[in-house]
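Let's take a walk through a protein model together. Have the sequence and the 3D view open as you read.

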Amino acid sequence: MPTSTVLLCCVVLIQLFAGQTDARSSSPWQTLSGGAPLVIARGGFSGLFPDSSSAAYGFAVQTSVPGAVLWCDVQLTKDGAGICFPDLKLNNASTVEYFYPNRQKSYPVNGVSTQGWFTIDFSLSDLSNVYLLRGILSRTEKFDGRYPILTVEYVTTQIKPESFWLNVQHDAFYEQQNLSMSNFLISASRIVSINYISSPEVNFFTKIAGRLGRNGPIFVFQFLRKEDIEPTTDRTYGSILSNLTFVKTFASGILVPKSYILPLDDKQYLVPPPPKSLVQDAHEAGLQVYVSGFANDIDIAHDYSSDPVSEYLSFVDNGNFSVDGVLSDFPLTASSSIVDFLVISKNGASGGCPGCTDLAYDKAIKDDVQRRRTFLLTFNRSLEQHNDLSQTPFAQRSTLVPEISSNGGIYTFSLTWAEIRNLTTAIGNPYRSYAMFRNPNKKNSGKLILLSEFLNLARNSTSLSGVLISVENAVNLREKQGLDVVKAVLDTLTETGYSNGTTKTKVMIQSTNSSVLVEFKKQSKYEAVYKVDEKISDSSDSAIEDIKKCANAVVIGKESVFSLLDSFITRQTNVVEKLQKSKLPVYVELFQNEFVSQPYDFFSDPTVEINSYILGAGINGTITEFPFTAARYRRNRCLGTQETLPPYMAPVEPGSLLQAVNAIPPAQAPNPVFTDDDVTEPPLPPVAAKSPTSTPGDSFTNAQAPRPSGQTRLTLSLRFSVFASLLLLWISSPLCS
């Protein structure tokens, strides 16, 4: 069997988008008013700063779309003052129990005995010593204990939001304690501007109706879980939902959890929607629909591939309806979803499918066939990383190859194609330790394909512009395995028509070894890409000159662009600038949608991260496991079409978040400087002679003719080992469906 027909492949997809189009469709908004949906900042930018803090409110105003609404959960103190605080109990998000350890009490709340430090047991003066904490422990603690509790009046007069929303959680409870939320609101409305008032209690609206003037705030009824009991009517929220005409008698809108509109099954997948949605029913009843529960750092439906913008768009621009507003802990992301380079994707759509499979590649090609794309090809390290081999006879073939990995693995040169092609694939889960898993419904989907099959797939596609092949461990393969990876790849390219000028498909060869790129350049005219596989803080001029001798472009890691400390950005290096001054395009890896992969500076938003590298650092392309996210960013009409970028499109300023907490980074050793010694290598060694061996699967190998005995085995081993050399490094792109 010819070498070109048996090389296995794992591919990286480059998406090269030409047009600048809007991130949303051209159709009008399908809200009740026809205007854009509201961005409602729950407690300000509470995804980063403590809920309802001055920093959270101020940052929300600075980074959100014009007209964004600030949300305040209003609570009453012992002396009737209104404060913005996310819960009836102060101990959930403040330092109250440290200052007042003996003032815990128990009260019935909606009929349930509840213990804690309640706002009604403290005067406003008492709370002057109490500071805010994050309410969700998985978020950064850097801002804890820095901001005091704010009054409603302070937020409106000092923060000065364009629109202000007060949410009344427990009117009935305050009434039981001889405090009147209605009286507070009426009094406050004479001093401050209140645009929206919401509550989950029906009787609250009955009491407040007509008391705030003809041009008073918009009333919004908040639905809790469908099985929960509304305390003033003793009906479930599910039963109230069935009578929207009744809701319309006291409110102009409804606020519902996401699950009311797009529910999930127990596997975190979207349930097929009914023919007519709640949004459409509510709009027909004359009710606006606002949706709660949006945050970047929580699990969302697998259908969205960990991309929060995709989730927002499914609520505001799905072709059938638009909700009237979204309540978010990350209003910057909501803003970028509602406003009217080169993208490199690894191993097909493997962010949602097993990488390097026919399914992953097919999905990646079909994501957006109207736009030009480029495939980058790579080969991967150990079969165990993406295939379940532990319970197969192949487990006995685990081998330690120190030059490739310090851990043992089952490498492809230990198996034949007949054995490999029937393996069960497995999706990569790089954040398993955080209990975050990718697309379980597709975790074993697809089949591994040969390099020749992939090259034919790319050549026959009208929406692709090229392929990139990543080659590693060539020295070890030549010396220890007797395998010539350079010849194997070149032969495959020739046999699939890439070297005769009949195809316009671009070919790029990537390696961390300059000797490999030099060898390819001697034998072909394919474009070479040098990969710097360590974190660097700078590069010497001589190193850059050495790179230019063997490569046309460079790949570096994200931390070689922005230095990090404890998941905060400390500074931007000059690596990108120096490489580009030498006419070397710079591509950066690896971009992922999971929020734990990003520094806090990017607000758990993969689009913010991409924007900061593209607009802020000026890189030439992104290497991503989720190309759909990068592609949508590339189509954002704000890019290159406005003299002044809106706040939510401004790149992050390196180190600004650390400055916000007055944190001085401790002295630490910088990443090394890249030198010419890191680049320069001796020529590749000759291919060592290797005698034929007998292993399981030889019946498949030996059946090939007319090659001499052992030669076919050599080419098969070559394809397997090349494939095996990089598998654990490259995982890619959007959801398979």
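What follows covers the nonpolar cores, the cysteines, a hairpin and a helix.

A quick word on ground rules: this is a predicted model, where local features need pLDDT of at least 70 and side-chain atom pairs count only at pLDDT 80 or more, while totals for chains, interfaces and linings use all residues. Residues are numbered from 1 along each chain as its sequence is written, and side-chain values use heavy atoms, leaving out hydrogens and water.

Start with the inside. A nonpolar core is a set of buried Ala, Val, Leu, Ile, Met, Phe, Trp, Tyr and Cys residues joined through side-chain atoms within 4.5 Å. "Buried" means under 20% relative accessible area, "exposed" over 50% and "partly exposed" in between, using a 1.4 Å probe and protein chains only. The largest nonpolar core has 166 residues, and those touching the most other members are Phe 49, Phe 221, Phe 223, Ile 254, Ile 261 and Ile 556. This core lies between domain 1 (38-190 + 200-205 + 216-336) and domain 2 (344-381 + 448-677), because both give residues to it. The domain bounds come from an automatic or database domain assignment.

Apart from that core lies another, of 10 residues, including Trp 165 and Tyr 196.

Which residues does Ile 254 contact, leaving aside its neighbours within four places in sequence? Among them are Val 220, Phe 221, Leu 278 and Tyr 290, with contact meaning heavy atoms within 4.5 Å.

Now for the cysteines. The whole structure has 1 disulfide, that is, a pair of cysteine sulfur atoms within 2.5 Å. Cys 72 and Cys 84 form a disulfide with an S to S distance of 2.1 Å. Cys 72 sits in strand β3 (residues 69-76) and Cys 84 in strand β4 (residues 82-84), 12 residues apart. The torsion about their S-S bond is about -105 degrees, so the disulfide is left-handed.

| Residue | Relative accessible area | Class |
|---|---|---|
| Cys 72 | 0% | buried |
| Cys 84 | 0% | buried |
| Cys 550 | 2% | buried |

Helices (H or I, at least four residues) and strands (E, at least two) are DSSP runs, numbered from the N terminus. Strands β5 (residues 105-109) and β6 (residues 112-116) pair in the antiparallel sense over 5 bridges; pairing takes at least two bridges found by DSSP. Lys 105 has Gly 116 as its bridge partner in β6. In this hairpin, with 2 residues between the strands, Asn 110 takes a positive phi near 55 degrees.

Finally, helix α16 (residues 485-495) has buried residues including Val 485, Ala 488 and Leu 493. Just after α16, Gly 497 takes a positive phi of about 90 degrees.
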